Amino acid sequence: MSEEEKKFLEIHDLRKSFGTGEAKQDVLRGMDFTVSKGEFCVLLGPSGSGKSTLLNIIGGIDTPDSGYVSINGDKLKDMDEKALTMYRRKHLGYVFQMYNLIPNLNVKENIEVGAYLSDHPLNVDDVISTLGLEDHKYKYPNQLSGGQQQRVSIGRAVVKNPDILMCDEPTGALDYKTSKEILGLIENCNQKFGNTVIMVTHNEAIRYMADHVIKLRDGVVRHNDINDKKIPASELEW
Amino acid sequence: MKNPLIKRIPKELVGDWQKYLVIVVFMVLMIGFVSGMSVGRDSMLAAINTGKITLKLEDGSFEFKNKASEELIGAIEKGDMADVREYLINKGYEEADEEVAKAIDEELEKQVTEGIETAVRAQCEAYGITDEDMIQSQIDTFMEENYEDALEEARNSDEFKEAVSDAYKEAHEEVVKAVDEKWDETVEEYNLDDPDFSPVKVTVYEHFFKNEDEDFDKDGVKDAAVRVFKSTDEVDKASFNEGRAPEKDNEIAIDRMHASNVGIKIGDTILVGGKEFEVVGLLSYINYTSLHENNNDLMFDAFGFNVAMVTPEGFDSLRTRTHYSYAYFYDVKPSGKVAQADYADKFLKALITQSVVFDNDLEDFLPECYRQASNFAPSDVEGDAAGTEILCYILIAVIAFIFAITISNTIDKEASVIGTMRASGYTKGELIFHYLSTPVVVTLIGAAIGNILGYTWFKEVAVNIYFETYSLPNCGVVWSPVALVKTTVIPLSLMFLINLFVIVRKLQLSPLKFLRHDLRRTKRTKARRIPAWSFMNRFRLRILFQNIPNYAILIFGIVFVEVMLCFAFGLPDSLNHYGDRAPDMLFAKYQYMLAGTKDDDGNELVTANEDAEKFNSTSLLYEKNVTSFIKGRGSGGTTEAVTVYGIEDGSKYVVIGAELNDGEVYISSAFKDKFGFDTGDKITLSEEFANKSYEFTVSGIVDYEGGIAVFMPNDNFISVFDKKEGSFTGYFSNEEITDIDEKYIATVIDKDDIVKVTTQLMHSMGGFMVVAQYVLLVLSAALIFLLTKIIIERNEHSISMVKILGFKNSEISALYMIPTAFIVLLFTLLGFGAGYVILIYVFRAFMLQMDGWFTFYMSTKSMAMSIVYMLVGYAAVSVIDFIRIKKIPMDEALKNVE
Ligand SMILES: Nc1ncnc2c1ncn2[C@@H]1O[C@H](COP(=O)(O)OP(=O)(O)O)[C@@H](O)[C@H]1O
Ligand SMILES: [Mg+2]
């Protein structure tokens, strides 16, 4: 792996606070780390520790007070709103805890909504079968279970074949079994399509399936570990 | 790849089909109506414009009291102003010469007679004859034998010749002096020294007519006035809608509008001036597209007035007096309104001065550009189209706002989806485009269907409306690209811009805010204070606050519809009210205007009728000083025709104050109300055809609403207007005058003349207003339907939630429907009040532009109805709303959690 690929994503002295005066809260207090290309990276930390804030800044939908994020050498802070939108469009896929599907489009169409954005999308039907949604292709979101909806949401992000797949607590609303399935799918995509994955979670157990684990607390990086002995998602337990 | 979001649009349309159906139907009707009106109008105007050329519409007309001599016509055609000074001097000379000659003859006769008598007496004395009888007989004998010779001799004497020529010279000098003394006045009166004057050459055609009584049911009672012309090929021709021109002297062709209004058909015989005529043709004269009897009539009257064509022989067989009317064409056509006015001005100067020097009286002058009967229809057609367009655009704007609110709610609902889409790289532009598509598509569908219907069905409706109002020449469909723009581009742009504005504002927020459902644009620091009412009422107040944009549009819609309802109910009411009071609007049951005051034998026209009372009247103009939005429409616009009456002392028909000085007058209450005059105010009135004005002081008000009038004692009238002692214009009488031959009667004004305005207006608008009332009822229901639907949909979640909590449907409905009911009721009442006040002002402003006066009136019943209609619309929607609320499932609150 080249030096550039190792520093595919670089976070430098990132700071962010909310509110003013008495109510001022420093959420990120100088964060530094790098993620290399193709890595499965997990951001770990208790609720309220600033994981989502960090992810949103990386995703270009929030801005830091100081410090910078650079991807492939491009600094986000040098981009205007339009350029940021194009950056997200070309390079990022998003999966949230809530599935946020378009209610009056069916499964296939919801995935097409993602494919439309990409210059080199994956085949929609391949993605559907990878996610095990063949039988539900023409169903509408309100006809699906939570786990199925989350699969569609992952499909929508993955079909773009994004450089980085951003997942913010994708299993947060799901039960144990379904959560493991979903994690398996993300792992599968990471291996199959080679996307870099950054996944936010508060679930300690998930660290074992990652290449790279970054632990946050009180706005700073507490641990920054490379995991040599990762295990498949299906073998996780909590 | 096509944007997959497009697939949402048909699903959205199908999924919410009731709403979109209501909207599309709405737009189709409005756009169809406007497009139909536009096409109808364009076709109509095209027919009129072609007709102006092919049917040889005059450039103007004038009327003389007596038939014009060939020399007069020749002089008029040249367009020169006559030499009034020479004429006045010559006329003075003639009169003076006559007087001088008479005086000289008398003097000469006296001298000769005296000379002879003196000579005879001297001789008698010489012969000693003293007997007076003898002397007298001598004188007589001598006188008989020598008088003529003596007279002759005296005439030839140099002395006498000198005296005579002195006398003539002196008299002529007197004449010139008198003319010169009054010259400044004369110059001003006829505007003689206009440096800009240049002759306007014209070609003049005889266009004589007679005003006859028409009795179409032959019961011996006059049914209408008919103006009869001879058939002509030269000017103001007619287009035949049915039948043919008269060929025999007992055949007649009449106006087709009048015929259809009163039910005359081809083959019928009617009485015109007491003589039987067979109707052989139904026509429309190009100079009478609307049947205005007089140019300053407020409204045309296709019931009580008719125009007709007979053969020249038929014309001669009619007994009433001939109106010596002439039509003319300018040799070089003026281009544009300014040139038209300028031409008319110059031509009038020639006309007046020539009529003076040819000893004729100019009775009437009307350039075609001021002619109501040929300009009213096209400008009305145009005005209607403009009016409906504006109404249509207002309603489209309302729909656009309804869309905007719906979309704005959808955006709120879909906030996290939007956030996700934005986060994954959808641009703002793509989303704006997406949310704009539905209103634009719906408008396109509405415009497409609307235009198709407009060009086919609605066009027929519009053409029929106009054909049933005006005597228009036959027409074909004219396809106009302008109409297409107005009915497609404008609604589309309105829809596009209003929604664009709202959507852009809405989507301005960052993706993160969407993801966090944080859609407030400004942070409210404090929670809204809500009074310490019961829980239910506080809840209702919250619903009101939550839905402020909805309620704003609802309120606008209600007020708008309510104002329109006021109009739809108030206009017929105002007309009827005016009609009901018409009998009170006459001084006397009959008001006879005579053509002259003497009959053919030179005797004064008198009546044995004891009820009859002489009066004098003349017509002056009042300069209105209003900024006019329909300037140049007929004679209306900048001047108002004012009738000035001279009233006999102790009149039983018009009561005015006892002692009025010259210049002090009473005015009619209509005059007072229209222009806001009061006692003590000064008013300036001017002559129509001469540059002369009068100032009067208002000393009192005569309670008379029938017209704009000024009253003064007859003696004052005679001195102010320089009339001959004892002259008069006509009679007031409560009983019909039967002993004056009708050929001396110019017009009779009775109740029908007053109500004809409102009869005609009722005919052309009454039916339309009833339709409008129902349309508005549906409109109000549709508006309330759309807006309450939005409010309920927005609250589906919480409605479902309170259902789970155990509230009953009726309780929930009361919770959500009472705020709306309250708003609807409150603003219906306010809207009614606003409409009533607005219409009073609008009526006033409109009438200020027109001749005449009547005010807005609404009966209590109509007031109630205009409110009830709105509430009926609301009641219907409430039922639907109740069902809607009942149908919201309880699991709505549980599923689709975001
Ligand atoms: N827009 C915001 N305004 C104010 N405070 C915020 C905002 N976003 C996040 N926070 C605060 O920042 C802290 C970190 O939030 P977040 O990044 O969502 O935590 P995590 O995802 O780790 O649970 C929380 O205490 C939260 O209240
Ligand atoms: Mg979080």
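Helix H7 of chain A, spanning residues 176-193, lies across E3, strand E7 (164-168) and strand E8 (196-201) of that chain. H7 runs at about 160° to E8(A). Do keep in mind as you look around that this is a predicted model.

**The mixed sheet of chain A**
- E3, E7 and E8 belong to an open sheet of 6 strands, ordered E6-E7-E8-E3-E9-E10 (chain A), with mixed pairing.
- At the edges you will find strand E6 (92-95) and strand E10 (220-226) of chain A, each pairing on one side only.
- From one strand to the next, the twist averages 15°.
- Strand E3 (residues 40-44) and strand E9 (residues 212-217) of chain A are parallel partners, joined over 4 bridges.

**The antiparallel sheet of chain A**
- Here 4 strands make an open sheet in the order E2-E1-E4-E5 (chain A), and the pairing is antiparallel.
- Strand E2 (25-35) and strand E5 (74-75) of chain A each have a single partner strand, so one side of each has no neighbour in the sheet.
- Strand E4 (residues 66-71) of chain A pairs with E5(A) in the antiparallel sense over 2 bridges, and the partner of Ile71(A) in E5(A) is Asp74(A).
- Helix H2 (residues 51-58) of chain A packs on this sheet, where it touches strand E1 (9-18), E2 and E4. The direction of this helix makes about 125° with that of E1(A).

- Leu29(B) sits in helix H2 (residues 17-54) of chain B and is partly exposed, with a relative accessible area of 47%.

Conventions. Residues are numbered from 1 along each chain as its sequence is written. Chains are lettered from A and ligands numbered from 1 in the order in which they are written. This is a predicted model: local features need pLDDT of at least 70, side-chain atom pairs count only at pLDDT 80 or more; totals for chains, interfaces and linings use all residues. Side-chain values use heavy atoms; hydrogens and water are left out. Two strands pair if DSSP finds at least two bridges between them. Axes are lines fitted to C-alpha atoms, for helices over the stretch in contact, and angles run from 0 to 180 degrees between N-to-C directions. Contact means heavy atoms within 4.5 Å. Buried means under 20% relative accessible area, exposed over 50%, partly exposed in between (1.4 Å probe, protein chains only).
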